[in-house]
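Work through the exercises below with the model open. Each task is followed by its solution.

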Amino acid sequence: MRYEVEQLRLHAYVQAFFPSDFEVSLRRSLHDPDDRVLIVRNHITGKTASYKGSALSILDICSMGSIAASIRGELCP
């Protein structure tokens, strides 16, 4: 149960970096258990972008801000 709560908190944290019409998915990498794969989809344009990197870079607010800015740049016209 605690794991699910932590996952929901992490998802909410990552989602906060994106507009509400963006769908955010965060998964553990199949190749490296310390890495995460962030997939973001813009519902309006249908475009999808992803980021693969360490869980620590996603948890670090400065790094996540840069990651999110890069992804938003790819997805917004």
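**Exercise 1. Sort the lining of the largest pocket by residue class, then locate it.**

Step 1. The lining of the largest pocket holds six nonpolar, one polar and four charged residues. Here Ala, Val, Leu, Ile, Met, Phe, Trp, Tyr, Cys and Pro count as nonpolar, Asp, Glu, Lys and Arg as charged, and the others, Gly among them, as polar.

The model is predicted: local features need pLDDT of at least 70, side-chain atom pairs count only at pLDDT 80 or more, and totals for chains, interfaces and linings use all residues. Residues are numbered from 1 along each chain as its sequence is written, and side-chain values use heavy atoms, without hydrogens and water.

Step 2. Eleven residues line this pocket; Gln7, Leu10, Leu26, Arg28 and Arg36 lie nearest its centre. (A pocket is an open set of 1 Å grid points over the protein atoms alone, where a 1.4 Å probe fits, with protein on both sides within 12 Å along at least five of seven lines; lining residues have an atom within 4 Å of a point.)

Step 3. Helix H1 (2–15), E1 and helix H2 (55–59) each give two or more residues to the lining. H1 gives the most, with four. (Helices, H or I of at least four residues, and strands, E of at least two, are DSSP runs numbered from the N terminus.)

**Exercise 2. Describe how E1 pairs with E2.**

Step 1. Strands E1 (residues 22–28) and E2 (residues 35–42) run antiparallel, joined by seven bridges. (Pairing needs at least two DSSP bridges.)

Step 2. The two form a hairpin, with six residues between them.

Step 3. Glutamate 23 faces arginine 41 of E2 across the pair.
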